[in-house]
Amino acid sequence: MLTKKIAVLFSGSGSNLEAILKKVHNQIFNGIKIEVCLCICNKPGAYGIERAKKFGLDTMIIESAKFANREEFDAAVVEQILKSGAELTVLAGFMRILTPVFTSKIKAINLHPSILPLFKGAHAIKESFESEMMLGGVSVHFVNEELDGGELIAQRAFEREDGMSLEDWESKIHAIEHEILPESIIKILTKEANV
Ligand code: GRF
């Protein structure tokens, strides 16, 4: 059977990593097995490291704070991804701006908690909640050199309900993320196989 390998990069809680491990890892879609072959985290102590352990996976820690600049950090990450044989890299709450050292060599997708191109950047949940928008949402896109700017793969929106708090807004976003990211991975990897 054809196996396709993916790398997952994260920085924090890792709830999206867990969704990938539950819904995609070592499972077969259209005759293709998808395997998470590498987990990388740039923050020692991130809770996602524990979540990966529950699925029998060790996380490689590449501590961004220890590198002199973004390019050197990106080069270290790229080296491990290339070594792993992953054909797709998934940024699942990976809170780093990536340089061309990464974007020119690695095919990657990113999850972003807004309806792009609205609310790019690190504060999308709060900014979209505080906006006048009657819709919130989530996007998955290919990664290029522009922050939150690559070609869109999937988007899903939800309606603002009366009295919604920031916490309600955030939970709604996370629930959608846990669906849309695994679905996007499956879509990309099975489409490329022409099945
Ligand atoms: C998600 O909201 C993602 O969209 C954003 O960071 C958060 C990561 O959450 N980029 P988790 O670490 O997967 O729980």
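I began with Glu167, which I count as exposed because its relative accessibility is 54% (exposed means over 50%, buried under 20%, partly exposed in between, with a 1.4 Å probe and protein chains only). Glu167 is found in helix 6 (helices are DSSP runs of H or I with at least four residues, strands are runs of E with at least two, both numbered from the N terminus).

A note on the source: this is a predicted model, where local features need pLDDT of at least 70, side-chain atom pairs count only at pLDDT 80 or more, and totals for chains, interfaces and linings use all residues. Residues are numbered from 1 along each chain as its sequence is written, and side-chain values use heavy atoms, with hydrogens and water left out.

Next I turned to the backbone. Most residues other than glycine have a negative phi, and most peptide bonds are trans.

Asn30 has a positive phi, near 50 degrees. I found Asn30 in the loop between strand 2 (27–29) and strand 3 (32–41), and I list Asn30 as exposed because its relative accessibility is 55%.

Asp148 sits in the loop between strand 7 (135–142) and strand 8 (152–159). Is Asp148 buried or exposed? I put Asp148 down as buried, because its relative accessibility is 9%.

Last, I checked the peptide bond between Leu116 and Pro117, which is cis, with omega about 10 degrees. Pro117 belongs to the loop between strand 6 (108–112) and helix 5 (124–130).
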